[in-house]
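Q: I'd like to learn how to read a model like this one, feature by feature. Could you walk me through it?

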Amino acid sequence: MMAPDTSDDVPSCACKGVRRCLVCEGLKEKVQPEASESKIVHHFLYDPQSRLAVGKDAQAASFPFSGVFLCENFISEEEEKELICAMDQDVWKESQSGRRKQDFGPKVNFKKRKVRVGGFSGLPALSHKLVLRMYQESTLAGFQPVEQCNLDYHPERGAAIDPHLDDSWLWGERLVTISMLSDTTLTMSLEQGLPELGLTGEVHVAVHLPRRCLVVLYGEARHIWKHAIHRKDIHVRRVCSTYRELSAEFLPGGQQADLGAQLLNIALNFQGSPV
């Protein structure tokens with residue numbers, strides 16, 4: 001079924017709670033949160049060559065920043081066009097903070113820790129060659145994605161994603177994202193700071209994501225540092241595909257290994273449609 005890009009149609013909003021976008025701010029006159037007290041934030045830039053967080057202030061010392069793997073030009077321009085064309089033929093669902101999304105994965109209730117197959121029919125066909133390419137990177141040895149989430153960011157909607165940690169009950173060690181259509185910045189944040197380095201305020205590390213790159217978060221960057229894409233860092237349309245693997249509980253030897261095997265068998269047939 002053809003479902004062309006509808007970003008220029010009359011906008012709608014799926015924000016809930018404290019989530020906001022330009023659509024709900026303009027149409028719903030959503031109450032703005034009260035300004036919080038000013039806080040100290042130490043800003044750093046991630047250098048993928050040295051794998052150091054380099055201080056924007058010349059006086060700030062650099063420190064090792066582990067858990068980020070970045071591969072530039074992971075896909076070609078032609079592959080990018082093919083992927084975006086395929087996504088725009090499927091339905092984009094409204095999501096929070098101005099994003100739109102397409103989910104290829106099981107139905108999950110994280111609060112109750114329940115998983116069911118639901119309408120999950122597998123990852124999309126075009127992801128097959130990308131997953132095979134991922135295996136060539138040592139950081140992704142043995143990576144078996146069981147879920148893919150496509151996110152669509154438009155500056156006209158004020159699209160963003162707030163600082164957060166991904167679930168670690170169902171999802172495993174590595175979060176893998178392919179970033180398309182435009183450059184952006186992934187902001188890593190640590191609210192408690194790094195007092196051992198004399199950084200007592202919040203610490204932000206900006207990770208530049210070039211168009212068509214692949215980025216992997218693991219270790220401390222996956223489990224300790226929150227990650228976000230801020231509204232100010234979306235200048236033109238950006239689309240990303242994030243792939244997640246299963247946690248140990250759903251792998252051989254885990255308490256829910258049978259369910260995990262069922263989900264992987266579905267995911268890796270690469271015949272899926274968005275759920």
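Q: How many disulfides does a search of the whole structure find?
A: A disulfide is a covalent bond between the sulfur atoms of two cysteines. The working test is a pair of cysteine sulfur atoms within 2.5 Å, and searching the whole structure gives 0 disulfides. Cys85 is in none, as the nearest cysteine sulfur, in Cys240, is 19 Å away. This is a predicted model, in which local features need pLDDT of at least 70 and side-chain atom pairs count only at pLDDT 80 or more, while totals for chains, interfaces and linings use all residues. Residues are numbered from 1 along each chain as its sequence is written, and side-chain values use heavy atoms, with hydrogens and water left out.

Q: Now a helix. What span does helix α2 reach from its first C-alpha to its last?
A: Helices (H or I, at least four residues) and strands (E, at least two) are DSSP runs, numbered from the N terminus. The expected span of a helix is 1.5 Å times one less than its number of residues. Helix α2 takes in residues 77–88, 12 residues in all, and reaches 17 Å, close to the 16 Å expected.

Q: Which residues of α2 are buried, and where do they lie around the axis?
A: The buried residues of α2 are Glu79, Glu80, Leu83, Ile84, Met87 and Asp88. They cover an arc of only 160 degrees, taken from the directions from the helix axis to the C-beta atoms, so they sit on the same side of α2. Glu78 and Lys81, on the other side, are exposed.

Q: What covers those buried residues of α2?
A: Here contact means heavy atoms within 4.5 Å. The cover includes helix α3 (127–134) along with strands β6 (100–104), β9 (145–153), β11 (171–180) and β16 (238–246).

Q: One of those strands is β9. Which side chains make polar contacts with the side chain of Asp152?
A: A polar contact is a pair of N or O atoms within 3.5 Å; within protein, one must be able to donate a hydrogen and the other to accept it, and residues adjacent in sequence count only if both atoms are side-chain atoms. Asp152 lies in β9 and is buried, at 0% relative accessibility. Its side chain makes a polar contact with the side chain of Arg100 at 2.5 Å and with that of Arg237 at 2.8 Å. Beyond its neighbours within four places in sequence, the contacts of Asp152 include Trp92, Gly98 and Val239.

Q: Let's turn to sheets. What is the strand order in the open sheet of 7 strands?
A: Strands of a sheet pair through backbone hydrogen bonds, either parallel or antiparallel. Two strands count as paired if DSSP finds at least two bridges between them. The order here is β3-β2-β1-β13-β12-β15-β10, with mixed pairing. At the edges are β3 (63–64) and β10 (161–164), each pairing on one side only.

Q: Where in the sheet can I see each sense of pairing?
A: For the parallel sense, look at β1 (residues 41–47) and β13 (residues 202–209), which pair over 5 bridges; His43 stands opposite His204 in β13. For the antiparallel sense, 2 bridges join β10 to β15 (residues 226–229), where Ile161 is the bridge partner of Ile229. Strands β12 and β15 also run antiparallel, joined by 3 bridges, with Thr187 partnered by Ala228.

Methods. Buried < 20%, exposed > 50% of the residue type's maximum accessible area, 1.4 Å probe, protein only.
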